[in-house]
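Please open the structure in your viewer and keep the selection panel at hand.

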There are 2 protein chains.
Amino acid sequence: METITPERLSLNTATTRPQWTLDKAIDGAARHGFGGVSPWRDQLQALGAEKAARQLREAGLGVSGLCRGGWYTAEGALTDAVIDDNRRAVDEAATIGAACLVMVVGGLAPRSRDLASARAMIEEGLGKTLEYARAVGVKIAIEPLHPMYAADRAAVNTMAQALDICDRLGDGIGVAADVYHIWWDPAVKEQIKRAGRDRLMAFHLCDWLVPTTDMLNDRGMMGDGVIDIPDLRQAVEAEGFAGLNEVEIFSADNWWKRDPDEVLEVIITRAASSC
Amino acid sequence: METITPERLSLNTATTRPQWTLDKAIDGAARHGFGGVSPWRDQLQALGAEKAARQLREAGLGVSGLCRGGWYTAEGALTDAVIDDNRRAVDEAATIGAACLVMVVGGLAPRSRDLASARAMIEEGLGKTLEYARAVGVKIAIEPLHPMYAADRAAVNTMAQALDICDRLGDGIGVAADVYHIWWDPAVKEQIKRAGRDRLMAFHLCDWLVPTTDMLNDRGMMGDGVIDIPDLRQAVEAEGFAGLNEVEIFSADNWWKRDPDEVLEVIITRAASSC
């Protein structure tokens, strides 16, 4: 397996969220020789999608994904607001030429304990967004989130579950495989194989710290935790995945407090040594 | 489905751990009309297993389980110390007439990222304990733990994975189904069915709070969270599960700070209203 060089890396802009606005993140990623970025929508909207697209082109950066569409359950029904927002997300992904629109699908509906209904609502919503995305030529990537987020962020929690949805919805939809969310899964290898090249749309890196002190914002730098990242990278590359290795680290008490140029330097070192 | 009455409840002694030693927990459970308790080994050893058995008999309480054997990966190999400790756990379970010995199997070995090896070590260890447990007449219940504990507590994280192990190891081993660990799993219903009456050895209740502020000690009282407990109880009872409904709540900032008699009163109320 080849060592990950900087041009094979993408900076998910959540990794430097408190330090850098999107234009600074694009500059930073280019300055450090990264191959791309993956912006978050709020940051993209603050800069303007057209302006971002121009800056990305001039910097010669790819876009490994746009984070994020989804949240179909947020209003307890597939309201026009929810569907329209996802259409806008598709449009934004198209504008910046994102490899995929990453979907954090939403958890339980407000004041509900009905996980089956939430999952049905999510699948219906994904179907609607997919129909539009196909027309526009944007790929939809379901990101299965760790089961500890089932209640409040995403009720799609395994690769198998995401791929079952993909099977039912057809072409143009696949998965974003984030090592943080899937590393524990006894079926992860067989599901990566099942996904195959066309449906492996993104590969996200960080690490699982022991102990993890915060369920949301205590992700680790690659090499600082317990995930066997090379093992998972080998599995996705064996299927022919050739996208960028996207680094997404939510880290309130550590990496978000550091000089972002230092953060990118460490990412480059760890991508080579620990991924 | 019948309402849970107090005599259908078991008090897992972790629920009142800071307030009550085991002898007080046994008295408390009996005083409130519970049908049983499920002690932890450290508390049992502090009281003495023979003495506890006598007190339990005199109080007319059942024992829905002994918490816990397992931790096969703790020393990075199946040492005599690990195997012997599990034999002692089996003996203790036999002494108090526990319906099963609950297994928290252990996570990654120290300084290891090799989840597959950890899982192999766990299965080999379970096989050794099972052999002894069969001879003594004690049932072994694997407790699949929530995936957020895969690194540091248990690398068996789904009902399917636990039942795969049971399939390979044969008679006398089953699962302890704790709603906290399994509620998110898209396959939970089919796996409860697959387990069937003989392998559903324990059923544990608490609730998943939103937000959850601590990964270990912020479990909720039934009704305070988002788990559809009646739905899961119906599923296990449909298979013929007739054991006690064991309440196990780790709650550093709430229930562990209250008068334990109040805690048991609330459990009785919520068992009737929210389970």
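**The interface**

Begin by colouring chain A and chain B separately: together they bury about 2,100 Å², of which 70% is on carbon and sulfur atoms. Buried area here is the accessible area (1.4 Å probe) that two parts lose on being put together, summed over both. Next select B:R113, B:W184 and B:M215, which supply 28% of the area that chain B buries against chain A, more than any other three residues. The contact draws on 26 residues from chain B and 26 residues from chain A, contact meaning heavy atoms within 4.5 Å. How many salt bridges does the rule find across the interface of chain B and chain A? It finds 0, a salt bridge being a side-chain nitrogen of Lys or Arg within 4 Å of a carboxyl oxygen of Asp or Glu.

A note on reading the model: it is predicted, local features need pLDDT of at least 70, side-chain atom pairs count only at pLDDT 80 or more, and totals for chains, interfaces and linings use all residues. Residues are numbered from 1 along each chain as its sequence is written, chains are lettered from A and ligands numbered from 1 in the order in which they are written, and side-chain values use heavy atoms, with hydrogens and water left out.

**A histidine that touches both chains**

Select A:H146, in the loop between β6 (140-142) and α6 of chain A. Helices (H or I, at least four residues) and strands (E, at least two) are DSSP runs, numbered from the N terminus. Is A:H146 buried or exposed? A:H146 counts as buried because its relative accessibility is 0%; buried means under 20% relative accessible area, exposed over 50%, and partly exposed in between (1.4 Å probe, protein chains only). Not counting residues up to four places away in sequence, A:H146 touches A:N157, A:Y180, A:H181, A:W184, A:W208, B:H146, B:P147 and B:M148.

**The largest pocket**

Now select A:D185, A:P186, A:A187, A:V188 and B:R119, which lie nearest the centre of the largest pocket among its 35 lining residues. A pocket, on a 1 Å grid over the protein atoms alone, is an open set of points where a 1.4 Å probe fits, with protein on both sides within 12 Å along at least five of seven lines; lining residues have an atom within 4 Å of a point. The space in this pocket is about 860 Å³. By class, the lining has 15 nonpolar, 6 polar and 14 charged residues.

**Salt bridges within the chains**

Side chains of opposite charge can pair when their charged atoms come close. Over all chains, the count comes to 34 salt bridges.

Select A:D164 and A:R194, whose side chains meet in a salt bridge (2.7 Å, N to O). A:D164 lies in helix α6 and A:R194 in helix α8 of chain A, so the pair ties together parts 30 residues apart in sequence. A:D164 is partly exposed at 33% relative accessibility, and A:R194 is partly exposed at 27%.

Move to chain B and select B:R199 and B:D167, a salt bridge with its closest N and O atoms 2.7 Å apart. B:R199 is in helix α8 and B:D167 in helix α6 of chain B, so this pair joins parts 32 residues apart in sequence. B:R199 counts as buried at 17%, whereas B:D167 is partly exposed at 45%.

Then select A:R41, A:D85, A:R88 and A:E92, which a network of salt bridges links.

From A:E92, go to A:E50: their C-alpha atoms are 8.7 Å apart, although 42 residues separate them along the chain. A:E50 belongs to helix α3 (residues 49-59) of chain A and counts as exposed at 57% relative accessibility.

Finish at A:W20, in the loop between β1 (9-12) and α1 (22-31) of chain A. A:W20 counts as buried at 7% relative accessibility. Beyond its neighbours within four places in sequence, A:W20 is in contact with residues including A:L11, A:R31, A:P260 and A:L264.

How values were computed
Grid points are joined across faces, edges and corners, and a volume is the space filled by probe spheres set on the points. Ala, Val, Leu, Ile, Met, Phe, Trp, Tyr, Cys and Pro count as nonpolar, Asp, Glu, Lys and Arg as charged, and the others, Gly among them, as polar.
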